[in-house]
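Reader: I have a protein model open and would like to learn how to read it. Please take me through it one feature at a time.

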Amino acid sequence: MSDPTSQAPSTSDQVRLRGALDALPAYKPGKPAPAVEGLTAYKVSSNENPYPPLPSVQDAVSNAAQTFNRYPDMGAAAMLAGIADHCGVQPENVAIGTGSVGVLQQLVQITCDPGDEVVYAWRSFEAYPIVIGLAGAQSVQVPLDAEARHDLDAMADAITDRTRLVLVCTPNNPTGPSVRADELDAFLAKVPTDVLVVIDEAYLEFNESDETPDALAVQAAHPNVVVLRTFSKAYGLAGLRVGYAVASPRVAEALRKAAVPFGVSQLAQDAVLASFEAMDELDERVAALKIQRRQVVDALTEQGWEIPESQANFVWLPLGDQTMDFAAFAGENGLVVRPFAGEGARVTIGEDEANVRLIDLCRQWRERTA
């Protein structure tokens, strides 16, 4: 009789994986800036805050790092209280996660069974179809209008009895425009009250539009609305992975149930609290980025570019079939942008030198493709 332990191991991976994975697009993170001889290379593909962490926030993280052999506060009580105070709500209205995309995944988990539908604009945040597909739910993508804005009327028409969740990304990633208060109110009047509507405000702090909805007031008036926010962008805590939702107590409790235990590190929790103490300094940085965004937009408009109105920390270049060629050209010149093949490129407002280079490369591109 042969010894089973002497048999050669199989080289064929036969593990059964979920079929839903085959249909999922892969999330494409911004690539690191490659070295270009004679140039400082800049990565403006990930919508990161170009400024380093504030000294007081660095100190808080350094102190927390002394004890990361211990688990963080799983309930994040101090941070929840800080977020609640910042937003003017109760801690029972707040739920946290590993970045806003982590909370987004929790939102899909608490609302969708396999086969349920999630309605959202497209193009929008590229993680949407991934987290929806992983839950076995179905994406219902509604095209943006001619100005790269949400078509909320069409989104309302797309809601069916299988719809469990609607995502409204404002300002929209990657195109930049935000929804108006009046159109959001009209939209919510059409949405069934048992369908959860997520107002994804990852770029709220950069929004200067006078018509911007007061999302927290909207949420207070509509129990089926959730406000989703992050500390990754304006706060500059992208590497610490922490975001939050403001919701009705019942929805917030469900989100906390779906959270990964101990998912938000103590370093992140302490960094958030330190950031709240440094809001004046953070506001100055955001104001500077807004000024730089206006300078970039004005310069590109003067060159003849027709770009959507951006209320975020990036601009959208509608390049169509030229998108990948432009991305390659920019990369060769030390600027890594985020291309969406056949549609356009998103470019983060970065360091002053990166913004100047973007303007110059866009001028060169128009000259060579005229």
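Reader: How many Å separate the centres of domain 1 and domain 2?

Author: The model is predicted, so local features need pLDDT of at least 70 and side-chain atom pairs count only at pLDDT 80 or more, while totals for chains, interfaces and linings use all residues. Residues are numbered from 1 along each chain as its sequence is written, and side-chain values use heavy atoms, with hydrogens and water left out. Domain bounds come from an automatic or database domain assignment. Here domain 1 covers 28-51 + 279-369, and domain 2 covers 69-277. Taken over C-alpha atoms, their centres are 26 Å apart.

Reader: How many residues does each domain bring to the contact?

Author: Contact means heavy atoms within 4.5 Å. By that rule, 23 residues come from domain 1 and 26 residues from domain 2.

Reader: What area is buried between domain 1 and domain 2?

Author: Buried area is the accessible area (1.4 Å probe) that two parts lose on being put together, summed over both. For these domains the value is about 2,100 Å², and carbon and sulfur atoms give 54% of that area. On the side of domain 1, Met279, Leu282 and Gln311 lose the most area to domain 2, together 28% of what that side buries.

Reader: How many residue pairs are in polar contact across the interface?

Author: A polar contact is a pair of N or O atoms within 3.5 Å; within protein, one must be able to donate a hydrogen and the other to accept it, and residues adjacent in sequence count only if both atoms are side-chain atoms. The interface of domain 1 and domain 2 has 15 such residue pairs, with both residues at pLDDT 80 or more.

Reader: Which elements supply the side of domain 1 that touches domain 2?

Author: Helices (H or I, at least four residues) and strands (E, at least two) are DSSP runs, numbered from the N terminus. Helix H10 (279-303), strand E9 (314-317) and strand E11 (338-340) each supply at least two residues of that side. H10 gives the most, with 7 residues.

Reader: How many salt bridges does the rule find across the interface?

Author: A salt bridge is a side-chain nitrogen of Lys or Arg within 4 Å of a carboxyl oxygen of Asp or Glu. The rule finds 4 salt bridges across the interface of domain 1 and domain 2, and a search of the whole structure finds 14.

Reader: Which parts of the chain does the salt bridge of Asp116 and Arg164 link?

Author: The closest N and O atoms of Asp116 and Arg164 are 3.7 Å apart. Asp116 lies in the loop between helix H3 (99-111) and strand E3 (117-122), and Arg164 in strand E5 (residues 163-169), 48 residues apart. To describe their surroundings we need a scale: buried means under 20% relative accessible area, exposed over 50%, partly exposed in between (1.4 Å probe, protein chains only). Asp116 is buried at 3%, whereas Arg164 is partly exposed at 26%.

Reader: Where do Glu343 and Arg123 sit in the chain?

Author: Glu343 and Arg123 form a salt bridge, with their closest N and O atoms 2.8 Å apart. Glu343 is in the loop between E11 and strand E12 (344-348), and Arg123 in the loop between E3 and helix H4 (128-134), 220 residues apart. Glu343 is partly exposed at 31% relative accessible area, and Arg123 counts as buried at 15%.

Reader: Is Asn173 buried or exposed?

Author: Asn173 counts as buried, with 6% relative accessibility. Its place is the loop between E5 and helix H6 (181-190). The side chains of Asn173 and Arg346 are joined by a polar contact of 2.8 Å. Leaving out residues up to four places away in sequence, Asn173 touches Asn47, Arg123, Ser124, Phe125, Tyr203, Phe314 and Arg346.

Reader: Which residues of helix H2 are buried?

Author: An α-helix has 3.6 residues a turn, so residues three or four places apart point the same way. In helix H2 (residues 77-87), the buried residues are Met79, Leu80, Gly82, Ile83, Ala84 and Cys87. They pack against strand E2 (94-97), H7, strand E7 (225-230), strand E8 (243-246) and helix H9 (266-277). Just after H2, Gly88 has a positive phi of about 70°.
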